[in-house]
Every structure is written in C-alpha cells, then in structure tokens.
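Subject: Structure handover

Hello,

Here is the structure I promised to pass on. My notes follow below it.

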Amino acid sequence: MLIVIGGLPGTGKTTLARLLAARLGAVHLRVDPIEQAIVRAGLARHPVGPAGYVVGYALAEEHLRQGLTVIAESVNPLAVTRDAWRDAAVRAGVAAREVELVCSDPAEHRHRVTARSVDVPDLPLPDWQQVVARDYEPWNRAHIVLDTAGQGPVESLATLLHRLELP
C-alpha cells in the first residue's frame, strides 16, 4: 500500500509519517532529503522544482513493487504531484490512500513553523510568511483530512490509524 501524506510545513507530516512507518514497518519516503541531496550534488539550488518529487515517485514505485508499504511524505501542494503519487501506486498494482494534514489553529501552526529545527543538514526551512503565502491547491478528490491542532503526535497517530482502518 502507498500512503501519501501531504500538507503545509508545520502541520506534523514528518513526525506523523515517522511514527506511522515505525508502526507499520513501512518505508518512509520523504521528499526533503531527496531535494537536499540533489542540491548537495550540485545539480540544482533551492527551490529544486519537480526533480525531488520525480525521484520520490520512482523510489516509491520500486519499493511498492518489492511488496513494501510506503509512506510518501511531502508538502504535495499541487494536484499534479498528488496524481503522480497515485500513478506510481497504480503502476505497482497497489492501493493508495491520501492524507492531508492541517493545523486549524493559526497560532499553534505559526509556533510550530517558527520553533522547529532543521533535521536535514543545510535544508532551508520556510518562515511563517512563506508558509502562508505558499501555492497550495485544494485537493480535488476524496481523501483523509487530519487536523493536528491541539493534539500530540501519538494522538494524531491513533486517529490516523483509525481513519486508515489499520491496526
């Protein structure tokens, strides 16, 4: 199965994806380190553009073909990126579930964005103004929406597992 987790920076994507991958024994595929590797290789500068996502799609499909569950995590701001993740699952012959994380409390969301630390060396993190000004298309098909405001990671994981109908 492919589980695609998207949402604006600071909504809890990485934390939740890591917890979910550990719980399911799944591969956690995160676009940020892929993009930073492309930058370190001298092939691009930030913003990288579609290259990190394209590598991510290929890796996801490869892992899915090996019978592994993949948690694909990225902002996923455009319908075209969401479609491409689903296409990778279709080509691999597995189901795909899409999850959008939101933080409905602007003060909490802002605090998360401004208080977090870099966990990928040299990855530039967006500031609050960049997060709220970011191009982010509405999702155009049924998907799980999980509001992480006011709850901790363990509570969000329990909610997500229930919504995904997983043990």
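Start with the pair α1 and α7. Helix α1 (residues 13-24) packs against helix α7 (residues 153-164) at about 60°, and their axes are 10 Å apart. Axes here are lines fitted to C-alpha atoms, for helices over the stretch in contact, with angles from 0 to 180 degrees between N-to-C directions. Helices (H or I, at least four residues) and strands (E, at least two) are DSSP runs, numbered from the N terminus. The two helices are therefore oblique to each other. For angles, under 35 degrees counts as roughly parallel, over 145 as roughly antiparallel, 65 to 115 as roughly perpendicular, and the rest as oblique.

On the α1 side, T15, L16, L19, L20, R23 and L24 meet P153, V154, S156, L157, L160, L161 and L164 of α7. Contact means heavy atoms within 4.5 Å. By class, this contact of α1 with α7 has 10 nonpolar residues, two polar and one charged. Ala, Val, Leu, Ile, Met, Phe, Trp, Tyr, Cys and Pro count as nonpolar; Asp, Glu, Lys and Arg as charged; the others, Gly among them, as polar.

A note on conventions: this is a predicted model, so local features need pLDDT of at least 70 and side-chain atom pairs count only at pLDDT 80 or more, while totals for chains, interfaces and linings use all residues. Residues are numbered from 1 along each chain as its sequence is written, and side-chain values use heavy atoms, with hydrogens and water left out.

Q151 sits in the loop between β5 (144-147) and α7. Q151 counts as buried, at 16% relative accessibility. Buried means under 20% relative accessible area, exposed over 50%, partly exposed in between (1.4 Å probe, protein chains only). Its side chain reaches the backbone oxygen of D147 at 2.6 Å. Leaving aside neighbours within four places in sequence, Q151 contacts R112, L146, S156 and T159. After α7 comes a segment that holds E165. E165 is exposed at 71%, and its phi is positive, near 60°, in a residue other than glycine.

Next, α3 and α4. Their axes come within 9 Å and cross at roughly 25°. That makes α3 roughly parallel to α4. This crossing is right-handed. Y53, G56, Y57, A60, E61, L64 and R65 in α3 meet T81, A84, W85, A88, A89, R91 and A92 in α4. This contact has nine nonpolar, two polar and three charged residues.

T81 belongs to α4 (residues 79-92). T81 is buried, at 9%. A polar atom of the T81 side chain lies 2.7 Å from the backbone oxygen of L78. Not counting residues up to four places away in sequence, T81 touches Y53, Y57 and N76.

N76 lies in the loop between β3 (70-73) and α4. N76 is buried, with a relative accessible area of 0%. Its phi is positive, about 55°, although N76 is not a glycine.

Last, the loop between α2 and α3, where P47 is placed. The peptide bond from H46 to P47 is cis, with omega near -5°. G49 is found in the loop between α2 (31-40) and α3 (51-65). G49 is partly exposed, at 36%.

Best wishes

Definitions and conventions: A polar contact is a pair of N or O atoms within 3.5 Å; within protein, one must be able to donate a hydrogen and the other to accept it, and residues adjacent in sequence count only if both atoms are side-chain atoms. A crossing is left-handed if the near helix is turned anticlockwise from the far one by less than a right angle, and right-handed if clockwise.
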